[in-house]
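Hi,

Here is the structure I promised to pass on. My notes follow below it.

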Amino acid sequence: MPKIVCAEDDKLIATSLVEGFTAAGFEVTAAEDGEAAVAKIKEVKPDVVLLDIMMPKLDGYGVVWELKSDPETAKIPVIMLTNLSDSDTLSKILEAGVTDYLLKSEQTIDQIIAKVNEVLARAPMAQA
Amino acid sequence: MIILSILIADFMLLGGVSIFYFRRRMQERAAMAGVTNRSQEVQQRMYQIQVLQEINERIGYTLDTSKIIEIVTGSIGYLLEYETVSFMLYSDPKNVVFKCHVHNSVNHAFIAQVKEKMNAATSTLCNQEVTLEKIDERMSGAILDDNLDVQVMSYLNVPVIIEGQLLGLINVSSSKPNLFGRSQAGVVYTITNQAAFAVSKLQEVLENEKGKLSGIIAAMTDGVFMVDLDYVLVISNPAVIDMLQLPVGKEATTFDIIDSLAGKVDLRTKIDEALAKNIPIDVPEVYLHDKVMNITLTPVRDKGGDHRGVAVILHDVTSEKSLEKLRQEFTAMMVHELRAPLTAVRWSSEGLLKSLGDAKTHLEDAKIKDSMTTIDLAATNMLELVNDLLDVAKIEAGKFDLNAQENDIVASLKEAIKTFEPQATAKHLVLNYVGPEKQLAKFDRVRISQVITNLLSNAVKYTDSGNVDLNVTMQEKEKRVVVSIKDSGIGVSREDLSVLFSKFKQLKSFDSSRKGTGLGLVVSKGIVEAHGGQIWAESAGENLGSTFFFSLPL
């Protein structure tokens with residue numbers, strides 16, 4: 001069962017994501033802020049991270065930086081989820097060097113699941 | 001502009017005056033033909049006055065000294081008999097101008113004598129021996145003939161004094177003896193005086209205009225300066241020093257200005273470009289010393305179309321830029337806040353639809369309830385946000401309708417407390433009301449409840465432990481009722497207090513875990529102010545709690 005950590009501070013969105021991914025057969029761990037996300041990723045070692053940008057305590061870019069500076073987590077694929085599609089946000093996402101990003105309002109849960117599966121197929125993590 | 005219009009007026013006047021002279025001469029001839037000596041004398045006197053009047057008018061529009069003296073000397077011919085009329089101009093000590101108009105041919109010696117007489121007069125006037133090293137000599141009129149045996153037999157010298165300064169000397173010389181008496185000297189003297197008076201008046205006006213102009217330039221908030229074709233700074237205002245942070249009290253040069261902008265914009269090249277292309281050059285958004293400015297360079301041309309230099313305007317757009325940034329941030333935040341609940345609704349309904357369409361997946365009632373709750377909450381959040389946005393739009397348009405009636409403010413407060421009790425209890429917060437049991441005031445119950453709900457919801461949201469105290473006080477003297485909502489929460493920093501109620505705000509201590517548009521406070525302010533009341537906040541600082549107040553007039 002593939003493991004994902006879903007970092008999202010908006011409770012309503014987080015609930016929908018967790019429900020959708022659980023129903024699709026994922027083992028989902030939710031984190032409601034950036035610090036919790038880093039802690040849970042280090043603990044769970046997920047196959048993919050779904051990461052919101054605007055989060056309390058530590059934002060999405062901060063989380064990516066934390067993950068990259070630890071060899072244990074540096075290679076975990078990260079998919080950023082955002083509500084904003086302005087050029088400023090997009091260039092910051094590119095700079096952060098994540099695997100992919102999705103604009104929340106343009107996706108269905110199914111499409112996000114498909115994207116996660118695609119990332120999993122492309123970069124299978126060395127794991128049992 | 002003023003100078004330009006004077007010059008144009010001068011040009012037009014010259015044409016008019018020459019026609020006037022022509023007519024006068026014809027009249028003079030007619031007069032000479034058949035009238036008596038007595039009437040001739042009267043006519044002569046009248047004529048003098050008219051010439052004076054004309055000189056005055058002509059001079060009234062020019063400030064070129066040599067031109068003025070030429071006008072004066074040119075007029076003398078109509079009044080006196082002479083061989084030469086000359087003037088010396090001392091306005092530029094390095095280059096004294098001697099101009100002589102020869103009416104009837106004389107010899108070189110005659111001219112030398114004229115100069116001698118003039119020098120002697122100047123020395124007397126200046127009370128010292130004047131030796132003129134370099135003289136710019138210009139002769140006009142009849143040719144000099146050394147075969148003639150003429151000498152200066154009569155002459156008169158009249159000084160031209162403008163504002164207490166000896167500007168020049170006019171000399172009229174004749175080979176006939178005893179030609180110039182007191183009355184002739186008087187005529188020339190009067191003409192000269194008249195000219196001098198007109199010039200000093202004009203200079204005064206010009207000085208005043210110049211003063212006004214430099215006053216206006218100095219008072220401008222934009223930095224304004226002008227450089228001439230040799231890059232010499234002709235004029236600059238204090239805003240230039242301020243914006244470019246040039247040393248205060250030191251006379252700035254064009255190169256100080258160019259240096260201060262080095263690395264940001266090559267001003268010298270831009271100046272050359274403006275001159276070469278003969279069009280204004282705009283340099284937008286130059287960032288310098290925490291400021292943003294737009295620079296405009298405009299070539300300055302004189303009446304003849306020749307370049308005189310370049311005028312440069314430094315326009316500070318820092319506040320516009322930061323406002324634009326705040327606006328962008330506000331838009332980004334609104335986009336986020338509007339999309340988030342919609343996404344939640346979409347994703348939750350997606351899950352529900354899938355389970356309905358797939359007979360094998362049977363969703364438990366609890367799961368369905370969860371999804372429906374999510375949808376309900378998201379829709380409610382969204383509706384609140386849209387309502388806030390519409391309210392802000394109404395407030396900004398000044399179209400806020402109130403249904404103000406006599407109501408009990410305490411009742412409204414207690415109602416709100418009841419609504420928030422479950423939320424507060426869940427966070428172990430205590431909501432207290434201290435104050436009178438009833439306080440009547442005239443207000444729109446629905447709108448003021450909206451304000452109370454907003455303030456109370458913030459108090460609960462931003463307080464993790466302790467109390468929220470509500471209070472009503474009657475201020476007899478100010479004729480108002482003041483409602484206060486005091487919490488022991490995260491508080492507000494001093495900087496943030498001032499922007500709390502504005503639409504575009506960038507709070508220094510913004511904690512994104514307590515996301516929100518902040519529109520609630522903008523709406524609350526609009527509602528309270530529409531009642532004629534005030535809204536404000538006090539806080540001892542961050543983490544020291546805050547108190548929000550609003551007043552309603554009695």
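Which residue in S3(B) does Cys100(B) stand opposite? Met139(B). Keep in mind that this is a predicted model.

The sheet first. Chain B has an open sheet of five strands in the order S3-S2-S1-S5-S4, with mixed pairing. Strands S3 (135-141) and S4 (154-162) of chain B stand at the edges. Each has a single partner strand, so one side of each is left without a neighbour in the sheet. From one strand to the next, the twist averages 15°. S2(B), residues 96-102, runs parallel to S3(B), and seven bridges join them.

Two helices of chain B pack on this sheet. Helix H4(B), residues 108-126, touches S1 (84-89), S2, S4 and S5 (165-174) of chain B. The direction of H4(B) makes about 145° with that of S5(B). Helix H5(B), residues 182-219, touches S4 and S5 of chain B, and its direction makes about 15° with that of S4(B).

Now the cores. The largest nonpolar core has 41 residues. Those touching the most other members include Ile4(A), Cys6(A) and Leu50(A). H1(A) gives the most to this core, with five residues. Another core, of 34 residues, lies apart from the largest one; Cys100(B) and Val158(B) are among its members.

Last, the interface. Here 22 residues of chain A are in contact with 20 residues of chain B. Helix H1(A), residues 11-23, supplies the largest share of the chain A side, eight residues. By class, that side has nine nonpolar, six polar and seven charged residues.

Best wishes

Methods. Residues numbered from 1 in each chain as written. Chains lettered and ligands numbered in written order. Predicted model: local features only at pLDDT ≥ 70, side-chain atom pairs only at ≥ 80, totals over all residues. Contact = placed C-beta atoms within 7 Å. Helix = DSSP H or I, 4+ residues; strand = E, 2+ residues; numbered from the N terminus. Nonpolar A, V, L, I, M, F, W, Y, C, P; charged D, E, K, R; others polar. Core = buried A, V, L, I, M, F, W, Y, C linked by C-beta atoms within 7 Å. Buried ≥ 20, exposed ≤ 12 C-beta atoms within 10 Å, placed from the backbone. Pairing = 2+ DSSP bridges. Axes fitted to C-alpha atoms, helices over the stretch in contact; angles between N-to-C directions.
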